[in-house]
Amino acid sequence: MKKETKTTLRLDKYLADSGAGTRSEVKEMIRKSRVKVNGETEKKPERKICPEQDRVELDQIWIRPQPEFVYYLLNKPAGYVSATTDPAEKTVLELVPQTAKGLFPVGRLDKDTEGLLLITNDGMLAHRLLSPGKHVDKTYYVETERPLTPEEAAKLENGVDIGEKNPTLPARAELLPPEGTKGRLHLTIHEGKYHQVKRMVHAVGTEVTYLKRISMGSLALPENLPVGSFIELDPETIKPRPLQ
Ligand code: URA
């Protein structure tokens with residue numbers, strides 16, 4: 001969780017993080033009187049600044065604070081819609097701290113679906129995960145009204161007609177031991193059509209009774225993360241990882 005207090009950091013770090021140069025290069029710039037803080041030349045690299053309040057200039061150019069990205073991995077409960085606002089329903093944004101502007105859910109889980117939902121303000125990451133053609137793997141734990149036969153699982157894998165122009169793309173369906181009269185499986189799909197899993201299961205002759213997303217790209221839902229809880233992911237670890 002982020003603290004409410006305003007963050008301060010060293011001037012040389014601020015400039016280096018903004019892409020002005022390496023830490024030693026920006027130290028040199030500061031020593032050469034090229035840097036001003038609030039209109040005054042600053043010669044100490046260790047000077048503490050508050051990016052939201054202090055105006056830092058390099059060669060008379062204002063170095064604006066970089067937007068701060070946050071990444072919450074939420075175990076979405078049923079009963080919440082995947083939207084930023086809704087006039088009538090509870091939204092997933094109510095489940096994470098509002099410490100940053102512009103938070104939104106990456107993709108959509110149905111109101112009654114549980115599991116992994118990434119909430120961020122990083123539009124580029126969302127684009128990498130969602131844009132057509134990326135085909136990021138999404139794995140769901142699925143319970144069905146009755147167990148599927150191996151032939152039905154094979155149909156899910158090869159592609160089924162869900163009323164779209166084309167059949168669904170190849171998928172992976174791993175049947176799990178049934179529980180009572182219920183069927184259970186892990187289904188991995190590479191697209192994200194509206195109600196896709198429910199429509200695929202319907203296409204082979206039964207219905208989904210419970211749905212939970214357990215992974216998306218390289219992100220997995222931690223097994224011990226309670227429903228309705230989230231963890232904050234470290235930007236340093238999420239950004240360089242290939243998410244497809
Ligand atoms: N497929 C569905 O049918 N629902 C979801 O929420 C996600 C995938």
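A nitrogen atom of the ligand lies 3.1 Å from a polar backbone atom of Val197, which counts as a polar contact (a pair of N or O atoms within 3.5 Å). This is a predicted model, in which local features need pLDDT of at least 70 and side-chain atom pairs count only at pLDDT 80 or more, while totals for chains, interfaces and linings use all residues. Residues are numbered from 1 along each chain as its sequence is written, and side-chain values use heavy atoms, with hydrogens and water left out.

- A polar side-chain atom of Asp110 is 2.7 Å from a nitrogen atom of the ligand, and a polar backbone atom of Gln196 is 3.4 Å from an oxygen atom of the ligand.
- The ligand taken alone exposes 240 Å², of which the protein buries 96% (accessible areas by the Shrake-Rupley method with a 1.4 Å probe).

**The shell around the ligand**
- The residues around the ligand include Leu109, Thr113, Tyr140 and Leu211, where a residue is near a molecule if one of its heavy atoms lies within 4 Å of it.
- Because domain 2 (71–131 + 220–232) and domain 3 (137–216) both give residues to this shell, the ligand lies between them; the domain bounds come from an automatic or database domain assignment.

**Confidence**
- The protein averages a pLDDT of 90, and 92% of the residues score at least 70, pLDDT being the predictor's confidence in each residue, from 0 to 100.

Conventions. Polar contact = N/O pair within 3.5 Å; in protein donor to acceptor, adjacent residues only side chain to side chain.
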